Amino acid sequence: MFDSLGLLPFLPFLGFLILFLSGGGLPRRIVAVVGAGSIGLAFLQALLLALPVIENDSLVSQQVIYSWMSVGEFESKFGLYLDGLSSVMILVITGVGFLIHLYSTGFMRDDPSYSRFFAIMNLFVSSMLVLVLADNLLLLYLGWEGVGLCSYLLIGFWYSNPSNGYAARKAFVTTRVGDTSMAIGLLLLFTQLGSLNIEELMNGAETQWGLGSGYAVAASLLLLGGAVGKSAQLPLQTWLPDAMAGPTPISALIHAATMVTAGVYLIARTHTLFELAPDVQLLVAFIGLATLLMAGFTAMTQRDIKRILAYSTISQIGYMFLGLGVGAWSASVFHLMTHAFFKALLFLAAGTVILSLHHEHDIFKMGGKRKQLPIAFASFMIGSLALAAFPFTSGYFSKDEILLAALAIEGPGLWLWIGGVVGAFFTGIYSFRLVFVVFFGESADHHDDKEVTGFTMAFPLMVLMVFALLGGFIHPPTDFVFSVEEAHSEHSVSTLIHAIMIAVPLAGIGVSYLFYGARLWSADRLLEYSLAKKLHGYWFSGWGFDALYRGLFIKPLLGLADLNRRDFIDSIVATIVAVSEAGNGLLVRFQSGSLRWYVLSVVGGVAILLTLGGLL
Amino acid sequence: MNEIPLEAGLLLATILFAIGLLGVMTRRNIVFVLMSLEIMLNSAGLAFVLAGARWGSADGQIMFLMILTLAASEVAVGLGLIIQMYKKFKTVDIDVLSALKG
Amino acid sequence: MISLFYVAAIVAVIASMLVIIQVNVVHALIYLVLSLLAIAVVFFSLGAPFVAVLEAIVYAGAIMVLFLFVVMMLNLGHASRQQERVWLATSGWLLPSLLAGVLFWGVVSSLPSIDLSVSVIGAREVSIRLFGPYVLAVELASFLLLAGLVSAYHIAKR
Amino acid sequence: MSILWILLILFVGGVVAWISEAINKQLPRWLALSSVILAMLPLVSLMDGGDDISSAWLSSLNTAWIPSLGIQFSLAVDGLSLLLIGLTGFLGIISIASAWEEINSRVGFFYFNLLWTLAGVVGVFTAVDLFLFFFFWEVMLIPMYFIIAIWGHENRKYAATKFFLFTQATGMLLLMSLLGLAYFNWKATGVLSFAYEDLLAVDLAGDVERWLMLGFFVAFATKLPSVPFHSWLPDAHSQAPTAGSVLLAGVLLKTGAYGLIRFTLPLFPNASSEFTPVALTLAVISILYCAKLALAQTDLKRLIAYTSVSHMGFVLLGIYAWNLIGLQGAVMTMLAHGLSAAALFSLAGGLQGRLHTRDLRKMGGFWLASPKMAVTAMFFSIAALGMPGLGNFVGEFLSLLGVFSVSVSAAAIAALGMILAAVYSLWVMQAVFQGESTATSGLQDLNRREMLAYGAMMFGLLVMGFFPNLFLVFSDSAISGLLSLDQLVAVAKGRW
């Protein structure tokens with residue numbers, strides 16, 4: 001029974017069902033047990049399923065549960081598929097997901113909608129598992145949209161504040177744009193290749209479409225649209241920072257374990273297609289590069305602790321895209337995994353900070369908290385080190401692999417590498433800016449805040465700290481999936497390159513220290529220059545994308561909606577009505593009720609007839 | 001006997017008809033309207049008699065008799081209505097009766 | 001005979017004209033009687049003595065008396081004559097005159113020009129025709145009169 | 001025979017419900033409910049194979065009606081009709097449930113109208129004599145007119161008249177077209193017949209076929225409705241009582257789609273295939289234009305009405321793809337939209353019953369006071385925006401898939417409707433249930449009867465979403481039959 005793939009997404013779904021159908025009537029303790037327990041069980045089962053695959057990465061297990069829909073030649077099965085790639089994913093999703101759930105049982109303990117929270121979280125995990133296990137793109141799309149829905153429900157979890165609702169809708173609609181592109185991609189793939197099964201599609205694409213064929217370009221572009229939306233890459237990245245409106249564990253779940261990695265997973269899953277369209281693949285790399293730089297700049301200017309982390313996520317996913325774009329599939333998945341560890345750590349630690357400081361988000365109102373919040377401090381230190389790719393932390397290995405792979409490709413490779421290294425520099429700056437401002441210096445407020453903690457909240461942090469530090473030594477079993485002889489290009493790289501890649505993040509940390517740790521330099525003084533100020537404003541608003549989209553899409557759409565609120569087609573109908581009513585009004589006036597007028601009309605009529613008779 | 005031009009007789013009938021019509025169209029007093037109607041009926045009768053005389057037949061006169069009975073009953077009913085109208089509206093202005101409106 | 005026709009015709013036209021421009025109802029009624037009598041003379045001159053007599057008796061006699069009674073019952077006084085003057089003074093004559101003129105012209109332009117040889121058709125011929133082929137018409141006329149009687153009674157009674 | 005029973009039970013049940021009001025005010029409700037349930041029983045016997053082995057139909061019935069004009073009383077059911085009759089029965093029960101507390105005046109007459117509308121719809125779905133079809137087409141229209149005009153809201157006369165005029169005027173076009181069709185058949189064969197199968201074989205000249213097709217198309221497109229014949233729908237929906245909205249959105253609109261599938265395309269294959277680009281354009285415009293209009297509405301029911309038009313655009317799209325996938329998509333969309341729109345309208349009706357307004361600007365933050373209602377509304381909004389796993393997605397995806405092989409651009413542009421659907425669905429949720437609470441006091445949550453009805457609809461949508469094959473299997477043979485028939489006709493004419 002436990003080797004059934006179908007059970008894996010079903011366990012969280014069962015949790016969801018129990019919590020949903022009970023309608024909030026269960027005691028909190030049971031809700032916590034059901035909510036976190038279902039994910040815990042799922043994690044155990046995922047381990048059971050994934051261990052054989054880790055031992056032998058050519059192992060593939062498949063299970064068709066039933067035929068979902070079949071019409072004529074179109075058939076989509078509810079079929080699940082487990083290989084090295086999905087093994088990594090299910091472990092990350094259920095493992096990190098379980099820790100987040102465990103943490104949430106403590107974090108959310110005072111919330112009135114405790115049960116609703118866990119119900120949606122479970123559904124979220126369940127959808128994500130369907131997404132990564134699906135053997136066909138339609139089922140993948142089911143999970144894909146399920147994830148989107150749950151993110152909407154969770155971001156808008158505190159629904160009574162309209163701005164949360166706005167953020168939630170923004171997230172859903174923005175990703176829906178990408179989803180629609182992906183749906184069209186599905187239509188194209190089925191129409192051309194006659195199947196939506198991923199294996200068949202990839203084989204079909206390889207055999208039927210040549211390298212660089214138009215179909216491959218179109219299909220991969222459309223799928224890329226979907227991936228860009230879910231993974232918050234340019235140009236659809238704007239929803240992610242606003243998605244911070246939800247409770248912090250949700251941010252952790254969205255950023256680390258689930259949603260945003262879906263795009264990376266999709267591209268990795270359909271990598272054959274992207275290899276057939278090298279231009280599109282290069283585009284992926286450049287999107288990743290542009291996003292990581294953009295987000296890096298923006299992260300340096302933010303004040304909200306969660307927004308900083310959000311931009312860092314965008315930036316790190318940018319690295320993954322960069323890796324995908326240069327064909328370093330394994331490296332990207334590796335980075336996805338390590339990122340899941342340290343980003344979950346950072347978010348959960350941020351949650352502790354926020355909860356301990358009574359929902360304070362502004363980092364400049366914190367300061368000197370390392371004594372008060374020791375666990376959070378340790379978590380932040382380790383998480384930030386990993387994020388900044390400090391040597392031998394988990395982030396170091398994965399980022400290294402991606403950058404080396406970028407360097408290895410001909411042509412634009414060097415530029416991609418330079419961009420990535422510059423991004424790493426910024427990562428160093430902004431991650432430690434956060435650490436220095438929050439935990440060092442003087443205490444900015446007079447509160448003597450106690451760290452909110454407890455086993456359920458501390459334990460996940462501990463575990464994640466270990467993985468964030470040492471996760472780099474885990475090797476994801478994806479070599480067989482990508483079957484490329486990419487891997488070890490290290491021997492061809494000079495030590496200089498290595499030195500640069502180690503030195504740059506350290507330099508970033510150092511700069512950050514000078515600004516915010518030692519306060520030898522001051523960012524405020526920098527801002528006195530008008531150029532710097534302008535740039536700061538620009539970066540602070542996320543490069544003005546929100547304003548751009550508001551002007552480009554939202555306003556015209558709303559304007560259009562307002563312009564024609566009453567449906568001009570109806571006014572055509574209304575015109576017919578008005579004309580006949582006017583005619584009626586005119587004729588009614590003739591029928592005045594005056595007898596003399598009637599006689600006059602009769603005589604007039606006869607006179608006209610006579611005259612006409614005379615004339616003709 | 002002398003010859004009377006038919007044209008002259010019909011012209012008389014037409015003139016009388018036109019006068020009656022003019023009266024019906026212009027007068028607002030309903031009694032005058034009824035009188036004008038009588039003139040018109042008469043002119044029609046005259047035309048019948050003329051036509052009968054033209055063919056030397058009695059049929060025209062018989063038609064006149066029909067018109068006569070018609071006129072008699074019309075006047076009887078019409079005058080009854082005038083009295084009712086006067087009772088109800090205290091006026092003989094025909095324009096007051098304008099309920100026949102669309 | 002022919003001069004009688006013309007004289008009577010002119011009297012009839014003038015009298016009718018005066019009927020429709022009167023202010024006083026009683027005066028108008030007198031002119032109407034005159035007009036009817038003149039037409040009776042026309043009938044006579046056309047060789048129709050029977051209808052001429054009927055015109056005088058029934059029309060100028062009986063029907064006009066009915067009118068007279070009604071006018072008496074209405075008892076329209078001085079105020080109504082004033083009102084009539086106001087109504088008559090308006091330019092309301094223009095369009096009706098034009099229309100009546102057009103109608104008149106339309107009929108007149110198509111009048112035949114035949115001379116009648118007048119021969120007297122008396123009560124006998126009329127009666128033979130009336131109670132012969134036209135007997136159904138007589139019945140209809142009687143029904144009409146009965147209906148007129150009943151309805152006049154009913155209306156006037158309320 | 002079983003079809004006749006359905007019709008008879010509904011017609012007689014309506015009359016009995018009317019009369020029974022004199023005895024007891026409660027009686028019409030129970031009678032109506034039981035007669036709808038009773039009427040659906042014969043369907044069960046049709047579910048497995050049917051009782052008519054001799055023909056392609058599952059069940060059929062044929063007697064002379066007006067023999068001198070060649071009009072027969074002939075009914076027949078195939079898988080497609082079966083699904084739609086099932087939907088009719090289901091929503092009939094839902095609408096009776098939603099009228100349970102809302103309708104308190106002239107109760108008997110209300111249920112009479114309701115049942116006769118249902119009977120008319122069932123007749124439309126089963127008639128295979130075109131004249132009889134037209135007869136039922138009118139039968140379902142007039143009681144609906146009364147439902148709107150008598151039990152509607154503030155502007156009911158206008159809405160009812162508009163509804164009536166639109167459908168009646170285009171119904172006349174339908175009548176003219178079908179008379180024309182019968183006439184040309186008579187001229188060709190010397191036999192005056194209105195039978196569906198006879199008329200399928202008529203060979204028409206190009207222009208004649210085009211004009212006759214247009215008559216059918218306009219009538220059905222008005223009922224569907226599609227731009228530019230849609231403007232009666234928002235008025236009718238916003239004014240109709242809840243039960244009327246449920247029937248209108250859930251069932252009556254589907255008769256238009258059914259007519260297109262059953263009659264317009266098979267009867268006029270050549271003209272229809274010429275017409276395809278126009279129809280697809282109209283469908284795409286319907287989807288996008290009405291979604292855009294929905295964004296601007298402040299009247300909740302009007303908004304849902306516009307979304308209905310938008311979703312029916314997918315049906316039109318799927319139909320004019322004229323392949324198995326597209327048509328199955330259209331059928332699924334019809335079924336799923338029947339449930340989701342009916343549920344949304346009755347939620348809007350429930351809100352109106354509680355708040356006495358449909359104005360979105362006066363709502364907000366009801367989640368706290370009535371979480372069950374909020375979750376229910378969320379579920380159906382999600383269904384409406386095409387969430388995979390619910391019926392609407394299956395329908396819309398298959399429609400798009402079917403169309404994609406016919407016209408890539410139509411499918412791609414129509415897919416944008418899915419974005420707009422997300423925008424307006426979520427906006428409604430925000431406006432009504434989320435945000436700060438404004439009128440929380442006195443807003444009752446769903447009661448048990450409502451929960452039962454919504455629960456049934458949710459269950460239906462979930463089954464459709466996860467096990468669409470259960471439904472598709474019924475319509476599969478029917479639609480394949482129509483498709484092959486069409487090709488046969490076309491081949492016989494040598495113009496394919």
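Chain A of this predicted model contains 26 helices and two strands, where helices (H or I, at least four residues) and strands (E, at least two) are DSSP runs numbered from the N terminus. Residues are numbered from 1 along each chain as its sequence is written, while chains are lettered from A and ligands numbered from 1 in the order in which they are written. Local features need pLDDT of at least 70 and side-chain atom pairs count only at pLDDT 80 or more, whereas totals for chains, interfaces and linings use all residues.

The C-alpha trace of chain A spans about 115 × 65 × 60 Å along its principal axes. Of the 616 residues in chain A, 56% are buried; a residue is buried if 20 or more other C-beta atoms, placed from the backbone, lie within 10 Å of its own. Two domains, with bounds from an automatic or database domain assignment, divide chain A: domain 1 (277–521) and domain 2 (566–615). Their C-alpha centres lie 82 Å apart.

Turning to contacts, two residues qualify if their C-beta atoms, placed from the backbone, lie within 7 Å. Among contacts in chain A between residues at least 6 apart in sequence, 81% join residues at least 24 apart. Eight residues of chain A are in contact with six residues of chain C. On the chain A side, five of these are nonpolar, three are polar and none is charged.

In chain C, helix H4 (residues 78–89) has 12 residues and should span 16 Å at 1.5 Å a residue, the expected span being 1.5 Å times one less than the number of residues. Its end C-alpha atoms are 17 Å apart, which agrees. One of the 12 residues of H4(C) is buried, so this helix lies largely in the open.

Definitions and conventions:
Nonpolar A, V, L, I, M, F, W, Y, C, P; charged D, E, K, R; others polar.
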